[in-house]
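Open the model in your viewer and get ready to click. Each stop tells you what to select and what you will find there.

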Amino acid sequence: MARIVAVTNQKGGVGKTTTCVNLAASLAATKRRVLLVDMDPQGNATMGSGLDKNELKVSGFDVLTRRQNAADVCTEAPDSGFDVLPANGDLTAAEVELMNEIGREHRLRLALKPITELYDFILIDCPPALNLLTVNALAAADSVLIPMQCEYYALEGLAALMGTIEQIQETVNPALKIEGLLRTMYDPRNSLTLDVSRQLNDYFGDRVYSAVIPRNVRLAEAPSYGMPALRYDRSSKGAISYLALAGEMVRRNGSQQSEGAVAV
Ligand code: ADP
Ligand code: MG
């Protein structure tokens with residue numbers, strides 16, 4: 001049964017999509033069965049996985065509007081070992097179409113149900129806004145993975161995100177957990193980074209991943225070739241840092257399952 005993880009942060013440009021694509025490739029490299037669900041109409045995760053968002057015959061639009069089963073829309077990311085439920089600008093139309101539907105927050109959750117046993121991890125890339133697409137992702141997820149940059153306003157944004165998670169727990173998904181906080185574009189030479197990082201650790205403790213993602217040009221270049229960094233340059237610092245994250249995530253989930261632990 002897959003663990004469904006929504007990669008979310010209302011702030012744009014913090015590394016959500018980069019994390020989704022590279023974590024998917026890294027988990028696949030550790031022989032886990034992975035599905036990456038693109039819930040952002042920008043389709044960056046789709047493109048970054050090597051699929052052309054302008055050439056999709058079926059996409060997340062068809063799944064959310066129940067024109068297609070998820071199983072028939074999922075497709076392989078070329079040479080990367082994971083599957084993608086791809087998306088493009090049509091997702092915005094799906095969001096509009098759902099507006100007046102009963103149970104509109106639960107479309108993705110219900111659509112993924114028949115395929116969760118096919119995967120070990122399902123990662124959902126969220127748009128940088130709290131819209132119906134994000135709420136669908138959070139309603140479908142077991143947990144949230146929060147990528148963040150250690151900069152001055154990060155903690156403020158995080159407080160808002162925690163408020164959102166609480167609201168989701170009170171309404172559409174009481175079982176939603178925090179999978180972990182991931183420090184992205186990390187620069188240990190910057191004293192502000194270290195300062196914010198320390199505050200994060202004080203507040204969130206072991207929910208902050210030990211693995212950090214450094215600022216690395218290979219991670220920024222790889223999407224233009226439609227590849228995870230692991231394929232583009234497997235010895236790059238970026239690729240290696242996401243492998244470390246995948247290892248930490250697998251270990252954490254393994255120990256949680258064996259202890260039956262649920263604490264967040
Ligand atoms: P989001 O999905 O949160 O909007 P992205 O993953 O698209 O953020 O990242 C925003 C930009 O920063 C992209 O151009 C991406 O290539 C770049 N980027 C993300 N993570 C890193 C990193 N660790 N090092 C260098 N560039 C990065
Ligand atoms: Mg993105």
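**Stop 1**

Select Met-185. It counts as buried because it has 21 C-beta neighbours inside 10 Å. Buried means 20 or more other C-beta atoms within 10 Å of the residue's own; exposed means 12 or fewer; partly exposed lies in between; C-beta atoms are placed from the backbone. Met-185 sits in the loop between strand E7 (177-184) and helix H9 (191-204). Helices (H or I, at least four residues) and strands (E, at least two) are DSSP runs, numbered from the N terminus. Now check its backbone: phi is positive, about 45 degrees, although Met-185 is not a glycine. Most residues other than glycine have a negative phi.

**Before you move on**

This is a predicted model: local features need pLDDT of at least 70, side-chain atom pairs count only at pLDDT 80 or more, and totals for chains, interfaces and linings use all residues. Residues are numbered from 1 along each chain as its sequence is written, while chains are lettered from A and ligands numbered from 1 in the order in which they are written.

Colour by pLDDT, the predictor's confidence in each residue, from 0 to 100. The protein averages 95, and 97% of the residues score at least 70. The model scores ipTM 0.99 and pTM 0.96. Now select residues 259-264. Here pLDDT stays under 50, and the model has four contacts beyond four places in sequence for this stretch. A contact means two C-beta atoms, placed from the backbone, within 7 Å. Where pLDDT is low, the predicted coordinates should not be read in detail.

**Stop 2**

Select Asp-79. Its phi is near 55 degrees, a positive value in a residue other than glycine. Asp-79 lies in the loop between strand E3 (75-76) and strand E4 (83-85). Is Asp-79 buried or exposed? It counts as exposed, because it has 10 C-beta neighbours inside 10 Å.

**Stop 3: ligand 1**

Select ligand 1. Which residues come nearest to it? Of the 18 residues around it, they are Gly-15, Lys-16, Thr-17, Thr-18 and Ala-220. A residue belongs here if its C-beta atom, placed from the backbone, lies within 6 Å of the ligand. Helix H1 (16-29) and helix H10 (217-221) each supply at least two residues of this shell. H1 gives the most, with three. By class, the shell has seven nonpolar, nine polar and two charged residues. Ala, Val, Leu, Ile, Met, Phe, Trp, Tyr, Cys and Pro count as nonpolar; Asp, Glu, Lys and Arg as charged; the others, Gly among them, as polar.

Next, select Val-14, in the loop between strand E1 (3-7) and H1. Val-14 is buried, with 23 other C-beta atoms within 10 Å. Leaving aside neighbours within four places in sequence, Val-14 is in contact with Asn-9, Pro-147, Met-148, Gln-149 and Thr-184. Now draw a distance to Pro-128. The two C-alpha atoms are 9.3 Å apart, yet 114 residues separate Val-14 and Pro-128 along the chain.

**Stop 4: the core**

The largest nonpolar core has 78 residues. Such a core is a set of buried Ala, Val, Leu, Ile, Met, Phe, Trp, Tyr and Cys residues joined through C-beta atoms within 7 Å. Select Ala-24, Val-34, Leu-36, Leu-123, Ile-124, Ala-137 and Ala-141, which touch the most other members. H1 gives the most to this core, with eight residues. Zoom in on Ala-141. Not counting residues up to four places away in sequence, it touches Ile-4, Val-5, Ala-6, Ile-124 and Leu-176.

**Stop 5: one side of a helix**

Select helix H5 (residues 90-98). Leu-91, Ala-94 and Glu-95 are buried there. They lie on the same side of H5, because they cover an arc of only 100 degrees around the axis. The arc is that of the directions from the helix axis to the C-beta atoms. These buried residues pack against helix H3 (60-64) and helix H7 (132-140).

Step across to Gly-60, in H3. Gly-60 is buried, with 30 other C-beta atoms within 10 Å. Beyond four places in sequence, Gly-60 touches several residues, including Leu-91 and Ala-94.

**Stop 6**

Select Ala-246 in helix H12 (residues 237-259). Ala-246 is buried, with 24 other C-beta atoms within 10 Å. What does Ala-246 contact, leaving aside its neighbours within four places in sequence? Look for Leu-23, Ser-26, Leu-27 and Thr-30.
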